[in-house]
Amino acid sequence: MKAAVLHEIGADKLDVRDDIASSPVTDGKVKIRIKATGVCHSDLSAMNGTIPCPVPAVLGHEGAGEVIEVGAGVKSLAVGDHVVVCWSPQCGHCKDCVNGKPHLCMTYMMDAFMDAHFTMGGEPIFGMAGAGTFAEELIVPEDGAIKIDADVPFDVASLVGCGVMTGAGAVMNASKVQPGSSVLVIGCGGVGISAIQAAKICGAAKIVAVDMVDQKLEWAKQFGATHAVKPEDLSATSLALTGGAGFDYAFEVVGRSDTIRTAYDNTKRGGTTVIVGVGRAEDMVSFSAFELFYNEKNLRGTYYGSANIRRDFPLLLDLWRSGQLDLEGMITRRLNLEQINDAFAAMQSGEVIRQVITFD
Ligand code: APR
Ligand code: ZN
Ligand code: ZN
């Protein structure tokens, strides 16, 4: 089958080839025919080494498709089911799962580095984050595929598998944005736009979007931002809207130390700063000992939108169905797998929100 492969960390292009196969479907696994896959910044981050990824690997982790084979012991899925791929499956039984933090489940974490579930020219290769949705077929554990209603278009469903879950979950799960509150979102890609939409759904009164790309600021307003400004205009906007006190919630959706610092600085005393973006391990952020004490800000990360995927994937699709979460509108470009490298260029120049690759 066809798939897009990363051969080495630091390579600036993926290799689209047709000699990839999926390994056999073993007990507890399912094989999915991928129908649509979103292109997320984290794919680029796997290429440049920000996110650890064993190589060679089929990239892609935001996908949806149809189950075409089930292994022995699989109970919750059957051939023909439509599913969203989850790149961080939740086992449902470990301490984190039963303690209400299933997004921290480690049960499948090491599979990404141990379980080479594709072959390239007959040799085993990996899939990004245990997934690898830039492929026509993909094998995941039963817990890594969440069944959805068959009438949900695959392109819409694919986005829920990463970007939308991550951005909306940061707002709804990690920080529980309150009605009437003020919200700052730095970075308006697919994840940031999802955070903006969720902040509106939660009833935030002021939603300020920050990005350096003009088109992104336009989109941010279309998706619910009440104000959208360039980074250099944030101070003046904060002064006008909060009297300079800062926002109740600030979401960093870029993955850089300087924007993390900006998010913290623009959070009001007692407010909440949420780190959504994935930055490099060596990119250090500094805080003074005094400010951490004195400002009493809640500074927290959020992994995969702090999701409970079996609850949240259907919940997000219900919000989409009710017209409150616009997922079609986020798909600003559709392409085929051969155009994957072009997709990364478009993402970096800021001309798209989300690009979705479809397979016929
Ligand atoms: N200030 C403000 N905005 C910035 C800055 C900055 N210094 N640097 C980049 N941006 C904007 C870009 O212009 C772009 O609109 O951040 C946005 C990032 O969007 P995408 O590249 O589409 O990334 P996305 O897929 O939304 O992911 C964002 O979340 O899940 C993580 O790994 C992912 O770290 C990444 C982040
Ligand atoms: Zn678990
Ligand atoms: Zn992603």
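Trainee: Which arrangement do the four donor atoms around the zinc ion (ligand 2) make?

Mentor: This is a predicted model. The protein donors of this zinc ion are the SG atoms of Cys91, Cys94, Cys97 and Cys105, lying 2.3 to 2.4 Å from it. Ideal angles for four tetrahedral donors are 109.5 degrees. The four donor atoms here subtend angles of 106 to 115 degrees, so the arrangement is tetrahedral.

Trainee: What spacing do the donors of the zinc ion (ligand 2) follow along the chain, and how many residues apart in sequence are the parts that Cys94 and Cys105 tie together?

Mentor: Along the chain, the spacing of these donors is C-x2-C-x2-C-x7-C. Cys94 lies in the loop between β7 (82-85) and α2 (95-98), whereas Cys105 lies in the loop between α2 and α3 (111-114), so the pair ties together parts of the chain whose separation in sequence is eleven residues.

Trainee: Is Cys105 buried or exposed?

Mentor: Buried means under 20% relative accessible area. The relative accessibility of Cys105 is 2%, so Cys105 counts as buried.

Trainee: Are His61 and Cys162 buried or exposed?

Mentor: The cut-off for buried is under 20% relative accessible area. His61 has 2%, so His61 is buried. Cys162 has 4%, so Cys162 too is buried.

Trainee: What span should helix α11 (residues 309-321) have, and how far apart are its end C-alpha atoms?

Mentor: The helix has 13 residues, counted at 1.5 Å a residue, so α11 should span 18 Å. The distance between its end C-alpha atoms agrees with this, at 18 Å.

Trainee: What arc do the buried residues of α11 cover around the axis?

Mentor: The buried residues of α11 are Ile309, Asp312, Phe313, Leu316, Leu317, Leu319 and Trp320. They lie on the same side of α11, because the arc they cover around the axis is only 155 degrees.

Trainee: Which element of the protein chain has the lowest mean pLDDT?

Mentor: The protein chain has a mean pLDDT of 97, with 100% of its residues at 70 or more. Among its elements, strand β12 (residues 182-186) has the highest mean, 99, and the lowest, 90, belongs to α3.

Methods:
Residues are numbered from 1 along each chain as its sequence is written. Chains are lettered from A and ligands numbered from 1 in the order in which they are written. This is a predicted model: local features need pLDDT of at least 70, side-chain atom pairs count only at pLDDT 80 or more; totals for chains, interfaces and linings use all residues. Side-chain values use heavy atoms; hydrogens and water are left out. Donors are N, O and S atoms within 2.8 Å of the metal (3.2 Å for Na, K and Ca); water is not among the atoms, so sites may look incomplete. Four donors count as tetrahedral if all angles lie between 85 and 135 degrees; four count as square planar and six as octahedral if opposite donors are over 155 degrees apart and all others between 65 and 115; anything else is irregular. Helices (H or I, at least four residues) and strands (E, at least two) are DSSP runs, numbered from the N terminus. Buried means under 20% relative accessible area, exposed over 50%, partly exposed in between (1.4 Å probe, protein chains only). The expected span of a helix is 1.5 Å times one less than its number of residues. The arc is that of the directions from the helix axis to the C-beta atoms. pLDDT is the predictor's confidence in each residue, from 0 to 100.
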